[in-house]
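Dear colleague,

Here is the structure I promised to pass on to you. Please look it over before reading the notes that come after it.

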Amino acid sequence: MVVGGVGERDGFGGYRSQLVGELSAKGIKDLAVLRAISQVPRHIFVPEAVRHRAYEDSALPIGGGQTISQPWVHARSLELARLTGRERVLEVGTGSGYQTALLSLCADQVFSIERLPALAQQARDVLALLGTRNTSIMLGDGTLGWRPYSPYDAIIVSAASPEVPQPLVEQLAPGGRLIVPLGDRDQQVLAVCTKGPDGHVSCQTVSDVRFVPLIGQFGFPGEAG
Ligand code: SAH
């Protein structure tokens, strides 16, 4: 199952094909994204108790009060990032690491930040099991970005933010795309923001979404821990 063809012969290929069919029926067109979804074994990124639901198009609990996003949300975010395979990408909110794995197939280098130690470690372990070599996961506050590797051609924020965190604007390359759910803690719109040559970002909203909150200096204030 592991290394090389990612999850190609693990016995779940049929379920993944079904999911790919469902996502294309829901309007996902980017073939590289659909191919990544057909290859990455989502079931190994979710807890045993919900493994039987891994190929449903729904969000699932992953522990620590967090969720793995609905596959359609990942697919749409990746599509909006318009990746060609040559990009350096920053992901904020690693969570399960599933989107990190998708990104590893759609971009050149992936830097991902998670604030919860248990999730960061679990994601590292699963990605290592898959033989993924172009991803790095850092424990920390992703609203601050990961400056040493910036600028990024694309930034995908996987948690809901009250506004676009300024450090991420600074770390986006000119012409780069930043995908972020903007709103309050309960509901958001998925926004795609582009950085112009003057350094300003302009955002367009794409669809209503619901993410867990982005907790950090440029996000929502957190409870202790
Ligand atoms: N794409 C991930 C989404 C996980 S949910 C997946 O599908 O598995 C969002 C994640 O963002 C959670 O794991 C949460 O702990 C994390 N998060 C929230 N605020 C953060 C911050 N400031 N920096 C890094 N990670 C953060």
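Predicted model: local features only at pLDDT ≥ 70, side-chain atom pairs only at ≥ 80, totals over all residues.

Residues are numbered from 1 along each chain as its sequence is written, and side-chain values use heavy atoms, with hydrogens and water left out.

I begin with the sheet. Helices (H or I, at least four residues) and strands (E, at least two residues) are DSSP runs numbered from the N terminus, and two strands are said to pair if DSSP finds at least two bridges between them. Seven strands make up an open sheet with mixed pairing, in the order 5-4-3-6-7-8-9. Strand 5 (135-139) and strand 9 (201-209) stand at the edges with a single partner strand each, so one side of each has no neighbour in the sheet. From one strand to the next the twist averages 15°; axes here are lines fitted to C-alpha atoms (for helices, over the stretch in contact), and angles run from 0 to 180 degrees between N-to-C directions. Within the sheet, strand 3 (residues 88-92) and strand 6 (residues 152-157) are paired in the parallel sense over four bridges, and glutamate 91 has isoleucine 156 of strand 6 as its bridge partner.

Helix 3 lies across strand 6, strand 7 (172-183), strand 8 (188-195) and strand 9, and runs at about 155° to strand 7.

Helix 3 (residues 71-81) also packs with helix 4 (residues 98-106), at an angle of about 35° and with the axes 11 Å apart. The residues that make this contact are His74, Ser77 and Leu78 from helix 3, together with Tyr98, Gln99, Leu102 and Leu103 from helix 4. By class, four of the contact residues are nonpolar, three are polar and none is charged; Ala, Val, Leu, Ile, Met, Phe, Trp, Tyr, Cys and Pro count as nonpolar, Asp, Glu, Lys and Arg as charged, and the others, Gly among them, as polar.

Strand 8 and strand 9 run antiparallel and are joined by eight bridges, with leucine 190 opposite serine 207 of strand 9. Five residues lie between these two strands in the hairpin, and glycine 199 in the turn has a positive phi of about 90°. Strand 1 (residues 60-63) and strand 2 are likewise antiparallel, joined by three bridges, and their hairpin has two residues between the strands, with glycine 64 in the turn at a positive phi of about 65°.

Most residues other than glycine have a negative phi, and most peptide bonds are trans. Arginine 82, which is not a glycine, has a positive phi of about 50° and is found in the loop between helix 3 and strand 3. Serine 150 and proline 151 are joined by a cis peptide bond with omega of about 5°, and proline 151 is in the loop between strand 5 and strand 6.

Grid points are joined across faces, edges and corners, and a volume is the space filled by probe spheres set on the points. The largest pocket has a volume of about 520 Å³ and is lined by 36 residues, of which Gln66, Thr67, Ser158, Ala159 and Val212 lie nearest its centre. The largest cavity, of about 30 Å³, is lined by Asp30, Ala32, Val33, Leu78, Leu83 and Cys106.

With best wishes

Methods: Contact = heavy atoms within 4.5 Å. 1 Å grid on protein atoms, 1.4 Å probe; cavity = no way out; pocket = protein on both sides within 12 Å on 5 of 7 lines; lining within 4 Å.
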